[in-house]
Amino acid sequence: MRFVIIGSGAAGVRAAETLRQIFPSGEARRSGNSFEDSGVQVDGRPEDGQVTVTLVSAEDFPPYSRCLLPAYLAGRCREEDLTIRPRDFFRKLGINLLLGREALAVDPGKKVVKLADGEELPYDRLLIATGAASRFPPIPGIDRPQVFGLRHLADARAIEQACVQMCTRPGAHAGAHAGAQPDSDSRLVAQTRSVVVIGGGFVGVEAAYALIRRWGAQLEVTVVEKEAQILPAQFDAYAAGMLQREMEKEGIRFILGRQVGEIVGQERPDHEAGREVGDRCRVVLTGSGTAGDSGEESLPADLIIVAAGITPNTAWAASAGPAVRRGILIDDYLETSVPGIYAAGDVAEFRTLSPERAGALPTWTPIWPNASAQGRIAAYNMASRRRACRGLIGLQNAVEFREVPAIAMGLVEPPVPAKGESGESAYMVLVKAEPEQRRYKKLVLYKNALVGMVLVGDISQAGVYGALLRKKTDVSRFADTIMNDNFNCGHLRSL
Ligand SMILES: Cc1cc2nc3c(=O)[nH]c(=O)nc-3n(C[C@H](O)[C@H](O)[C@H](O)COP(=O)(O)OP(=O)(O)OC[C@H]3O[C@@H](n4cnc5c(N)ncnc54)[C@H](O)[C@@H]3O)c2cc1C
């Protein structure tokens, strides 16, 4: 049996190691216990040695965590700290890891994947785990060289390099820290460089915070968000406001309720200190903004980071013909509409192929725990050990800015009743705000079950609320205690 997995992110790696857990091979099979050594639990038994597991990645770096890219940009970790498995993990498990090899097409008739270098990889079962790419909105000028996405290590390296160049060339403000040292000429002229981040979602805000922490003395960082709050997909407005204020204390500027309409070049040979400074852009803003907006029409930008969402990497697999909406559609067993071809992670749209689930939300939740869980379940089904995906882990987002941790799970804002809709809402919202202590707690209940929560400042109750949320427990019996700060898992023992 030949298993081929395209994409070595959270979903692909988890699928590959799960397949080798079911079908041990190589050193794992000989020693009989190397799954324990490598932290993977054994629940399979040695089977047919003819099983091959091939993991293909377009990237030339060993599998790593994208979630740590902001930490890398902030100078808090090195490249080698990003990897998610030990160096010889794949060899020991008998996983054939092909790095720097891009898949271009699939021929489901011949059952082969065609790689960019011309090689054809035959498969019996195929997993598409190609994740997603940064979405670049159709803004004139978005293809300028000063514009970067942040999805891959290559992006983070390029942004870092651009920052180092900006902060070390003549005219950069003296006093760099964490890596980038200005040269002697740079002290002649103090000029701050400007970074504009398009998108105040998770990636944009984390990127802005990373840059300001590392190069804050030399960089002005502005985040432009089209919604009236930052982190609109993750947090409610109150929590987002608290987090925004923390980041403003670090020097990040936010422009809310405005969009970027165009990026125009400002090619000006600048001969400060006798050396060419290089190109600068202007980011043209549209919209009227929220209260307190300065009304500026454009911003200077030496570097632009686009963090305006992601697009699933489905195009290359189109030749196989799987049904695609936003992502590749999969059923409860993570199989696509093409028999023998599975999909998992950010590239996949979950449950949409099961008729009784059609329209059920959420169908696409591109976060690490979901990708990893789907990779594992896909592997079981590829190995003919039928296992249904019980549900998504859910929308769970944790951040920490200036030592203020925050976590959101599930539905953080009850839906606004439709026009003309009357009657009592089945939703109830419990809130406790302590701005002086930089603490905030919000629980959203639907028909007495917890369906969403937000915690800022103190996230120690995330576990107990998360458990209630996942179990869909009727919490009416905890009505008097559930908002107390000492409400904990001990209270659940009575369930
Ligand atoms: C900056 C950043 C911070 C994040 N922080 C968090 C966080 O804190 N918490 C959280 O839950 N999630 C976070 N995420 C999201 C999380 O990283 C993703 O949900 C997760 O990586 C998805 O895993 P995946 O395996 O589906 O895809 P990916 O991780 O995208 O992996 C897909 C792989 O497939 C490769 N590939 C694509 N096309 C081809 C091809 N044709 N041939 C071969 N290989 C190909 C890609 O290069 C990539 O290596 C963050 C993402 C980013 C970018």
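Two points of bookkeeping. Residues are numbered from 1 along each chain as its sequence is written. Because the model is predicted, local features need pLDDT of at least 70 and side-chain atom pairs count only at pLDDT 80 or more, while totals for chains, interfaces and linings use all residues.

I start with the ligand. There are 34 residues around the ligand, and G7, G9, G131, G345 and I367 come nearest; near means that a residue's C-beta atom, placed from the backbone, lies within 6 Å of the molecule or strand in question. By class, the shell has 20 nonpolar, 9 polar and 5 charged residues. Here Ala, Val, Leu, Ile, Met, Phe, Trp, Tyr, Cys and Pro count as nonpolar, Asp, Glu, Lys and Arg as charged, and the others, Gly among them, as polar.

Helices α1 (10-22), α4 (69-73) and α9 (368-382) each supply at least two residues of the shell. Helices (H or I, at least four residues) and strands (E, at least two) are DSSP runs, numbered from the N terminus.

R387 is partly exposed, with 15 other C-beta atoms within 10 Å. On this scale, 20 or more such neighbours make a residue buried, 12 or fewer exposed, and anything in between partly exposed, with C-beta atoms placed from the backbone. Beyond four places in sequence, R387 is in contact with I377, Y380 and N381, contact being C-beta atoms, placed from the backbone, within 7 Å. The C-alpha atoms of R387 and I377 are 6.4 Å apart, at a sequence separation of 10 residues.

E403 is in the loop between β21 and β22. Its phi is positive, about 60 degrees, although E403 is not a glycine. With 8 C-beta neighbours inside 10 Å, E403 is exposed.

Last, helix α10 (residues 462-471). Which of its residues are buried? They are Y465, L468 and L469. Down the axis of α10 these fall within an arc of 100 degrees, so they line one face of the helix; the arc is that of the directions from the helix axis to the C-beta atoms. They pack against β22 (404-410), β24 (439-446) and β25 (449-456).

Just after α10, K472 has a positive phi of about 55 degrees. K472 is partly exposed, with 13 other C-beta atoms within 10 Å.

Note on methods
Two residues are in contact if their C-beta atoms, placed from the backbone, lie within 7 Å.
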